[in-house]
Amino acid sequence: MAKQYLPGIPTTQVHADIKGGDPGFTERRSQLVVLTGPEAGRVVDVQRTPFVVGKGEECDLVLTEPTVSRTHFSIESEQGAFVIRDLTSTNGTWIDQFRIKEAWLRPGTVLRAGQAQLRFEPVFKAMDIQPAAVDRFGSLVGSSVRMRQLFTLLARVAQTEATVVIFGETGTGKSAVAQAIHAASPRKNGPFITVDCGAIAENLIESELFGHEKGAFTGAERMRQGALERAQGGTLFIDELVDLRLDLQPRLLRVLEEREVRRVGGNAAIKLDVRIIAASRFDLWREVQEKRFREDLYFRLAVFTLPLPALRERSEDIPLLASAFARSQKGGERLLARFTPAVVDQLMRHPFPGNVRELRNVIERALHLDTDPTDMLGPAGGLLSSSSSSSLSSSSSLSTPAAALPTVTPLVAPPRPGTSTPMAPMPVSLGAPDDHHVSLSADCSLPFKDAKEQLLDGFEAAYFRRLFADSAGNVSAIARAAGIDRKHLYTLMKKHNLDVRDSGRKGVGDE
């Protein structure tokens, strides 16, 4: 019998034993809370499956309510999700007004066995991880306690089929962690497929994930397998899951639970054997709380959550990483001689807003230009130092009168709501108050996607701050000048910390 999908699930109360506000490495477990009957208020962890509920003494949870059968229902774990099955009970197992034989359990589900009501809830358990004795796991390198704890956990997680959510700043190595899990798993001989939701146009992401049939839409000239199909027998890594459209999230949830996919424009169900690893530059649980990400999809994915520390939080790893990057390049051994104590100390004191990716770029540039790595530090990678820019400005073909040069001030893109880490400074020139032009500078030391994201954030902030100043904060006037609706305007202005009422904004579940 097909498992049912039931509406009306209430907002979930999440329980956690996390201390100090730092989630660290967490494992998702589940519990049953008895709401009515003689055992009302009792809370039992669903530690093993099948977990049987009934009035018999052999059950994992014993309910003495007279309408409960001896063995009433069971809960079993299947591929990271939980399924409830009625055990031919006399008075039935119910979810809402539906009597069920088998159904997926989602966080917050209230179920009924006879007249006894229970609620199924998620629990996040902080994991006490002993640091590994080694400083490497696959291609990952690190001697800090946090990284060696990660290596211990990765060795365990890799051997399971559990879904994993990785989050961390851009450049912290989320993709490398996903590949390391795959390479150490029983699926290592299968494909490793990556879908980056932040780098694919919104109108193409559905086809990229699920595939499409010929003629499914304008331009679909032939059948195309989606990433889920191409990852059969292996691992699908969904990067920047936070950017997946809200209307596609329920479909992904259905695919994960049913383990089958239908191509866009197709009716045939294709069975899947795929492990899912997801990553986000933002903490997805905060996104759920802000109603920007679906709660049910989050709980389906977050069997394990792996937060990756920024490089500035583990600066003791920088010498080891720098040496590893140098050795991985042809002729890199000659760069190792330049790693003097003074150079290493300066590298360790650099904030590295681009994290491990920025450090790798610094090492590669230093090798290609045959110079010290410290010469490559900075937003422009050291390629446009004050002396070089002076020589450029003195050139007869490129000289510009000093009075014509705009004043460049660093504009720091605001953090995502619910986070505290801003993006790296963006050089921005706003010009004079009566000048409606904005000049931006792209950081070409970053990968294309990151440089574009930083540039667009800087443009949005400068554009709306100028309109805000010109319109004296009049939201209607700003919306007319920008040619956008007020709801979108409220979202953008809040994003860039402009003081307006946050009304008219809608999220998950709003009409």
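User: Which residues does L241 touch, not counting residues up to four places away in sequence?
Analyst: This is a predicted model, in which local features need pLDDT of at least 70 and side-chain atom pairs count only at pLDDT 80 or more, whereas totals for chains, interfaces and linings use all residues. Residues are numbered from 1 along each chain as its sequence is written, and side-chain values use heavy atoms, with hydrogens and water left out. With contact taken as heavy atoms within 4.5 Å, and with residues up to four places away in sequence set aside, L241 touches C197, L252, A278, A279, L284, F293 and L301.

User: Which members of the largest nonpolar core touch the most other members?
Analyst: A nonpolar core is a set of buried Ala, Val, Leu, Ile, Met, Phe, Trp, Tyr and Cys residues joined through side-chain atoms within 4.5 Å, where buried means under 20% relative accessible area, exposed over 50% and partly exposed in between, for a 1.4 Å probe and protein chains only. The largest such core has 36 residues, and those that touch the most other members are L236, L241 and Y298.

User: Which helices and strands each supply at least two residues of this core?
Analyst: Helices (H or I, at least four residues) and strands (E, at least two) are DSSP runs numbered from the N terminus. By that numbering, the elements that each supply at least two residues of the core are β16 (192–196), α3 (202–210), α4 (227–230), β19 (235–239), α5 (249–258), β22 (275–280), α6 (284–289) and α7 (295–301).

User: How many residues make up the second, separate core?
Analyst: This second core is separate, and its members include L154, A180, F237 and A279. Its residues number 27.

User: How many residues of β22 are buried?
Analyst: R275, I277 and A279 point one way from the strand, while I276, A278 and S280 point the other way, and all are buried. β22 is thus mostly covered, the number of its buried residues being six.

User: In what sense do β15 and β19 pair with β22, parallel or antiparallel?
Analyst: Two strands pair if DSSP finds at least two bridges between them. Four bridges join β15 (residues 164–167) to β22, with V164 having I277 as its bridge partner, and L236 stands opposite I276 in β22. β19 and β22 likewise pair over four bridges, and the sense of β15 with β22 and of β19 with β22 is parallel.

User: Which class describes the angle between helices α8 and α11?
Analyst: The axes, lines fitted to C-alpha atoms over the stretch in contact, with angles from 0 to 180 degrees between N-to-C directions, come within 9 Å and cross at roughly 50 degrees for α8 (residues 318–327) and α11 (residues 355–369). Because angles under 35 degrees count as roughly parallel, over 145 as roughly antiparallel, 65 to 115 as roughly perpendicular and the rest as oblique, α8 is, relative to α11, oblique.

User: Which residues of α11 meet α8?
Analyst: On the α8 side, the residues involved are I318, L321, A322, F325 and A326. Their partners in α11 are V356, L359, R360 and I363.

User: Is R294 buried or partly exposed?
Analyst: R294 is found in the loop between α6 and α7, and its C-alpha atom is separated by 7.0 Å from that of Q249, 45 residues apart along the chain. Because its relative accessibility is 25%, R294 counts as partly exposed.

User: Which strands are the edges of the open sheet of five strands?
Analyst: The sheet runs in the order β5-β4-β6-β7-β10 with mixed pairing, and within it β6 (residues 73–78) and β7 (residues 81–86) pair in the antiparallel sense over six bridges. Each edge strand pairs on one side only, and these strands are β5 (61–62) and β10 (102–105).
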